[in-house]
Amino acid sequence: MCRSIKTLRPPVIPEEATEDEIRAAALQYVRKVSGFRAPAAHNREVFDAAVEAVAAATAELLAGLEVRGRSADKAHVSAPAS
C-alpha cells in the first residue's frame, strides 16, 4: 500500500501513538487511495471526512489490540475529537 505509513502499535513504537500520528497515517492512506495529495475545493469536504473516519477507525483498532501481553486497556488510544 503506502510505505510511508508507519506502524503505530507497540512494540514497534515504545509509547502509545499520538492523535497526531494517527491522523498523519490516516491522511497518507486517504491520499494514496484517492490519488490526490491535496483535493480540489469541491472534494475537500469528502476528503477531510474520510481522513477523520480512517483516523477514528485506526484509534479504535489500536485501542482494542492486545499486543504481547499488553491488555487492551493498557494500549488504549483515544479517538480523535470530532
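This is a predicted model: local features need pLDDT of at least 70, side-chain atom pairs count only at pLDDT 80 or more; totals for chains, interfaces and linings use all residues.

Me: Why is the pair Asp 48 and Arg 44 called a salt bridge?

Reply: Their closest N and O atoms are 3.1 Å apart, and the cut-off is within 4 Å, so the pair qualifies. By this rule the count comes to two salt bridges.

Me: What makes Glu 52 and Arg 23 a salt bridge?

Reply: The closest N and O atoms of Glu 52 and Arg 23 are 3.1 Å apart, so this pair also meets the within 4 Å rule. Glu 52 belongs to helix H2 (residues 44–64) and Arg 23 to helix H1 (residues 19–34), so the bridge ties together parts 29 residues apart in sequence.

Me: Why is Glu 52 called partly exposed?

Reply: Its relative accessible area is 30%. Buried needs under 20% and exposed needs over 50%, so a value in between is partly exposed. Arg 23, at 35%, gets that label too.

Me: How do you know that the buried residues of H2 are on the same side?

Reply: The buried ones are Phe 47, Val 51, Ala 55, Thr 58, Ala 59, Leu 62 and Ala 63. They cover an arc of only 140° around the axis, which means they share one side of H2. What covers them includes H1.

Me: Which exposed residues does the face turned away from that side carry?

Reply: That face of H2 has Glu 45, Val 46, Glu 60 and Gly 64.

Terms used: Residues are numbered from 1 along each chain as its sequence is written. Side-chain values use heavy atoms; hydrogens and water are left out. A salt bridge is a side-chain nitrogen of Lys or Arg within 4 Å of a carboxyl oxygen of Asp or Glu. Helices (H or I, at least four residues) and strands (E, at least two) are DSSP runs, numbered from the N terminus. Buried means under 20% relative accessible area, exposed over 50%, partly exposed in between (1.4 Å probe, protein chains only). The arc is that of the directions from the helix axis to the C-beta atoms. Contact means heavy atoms within 4.5 Å.
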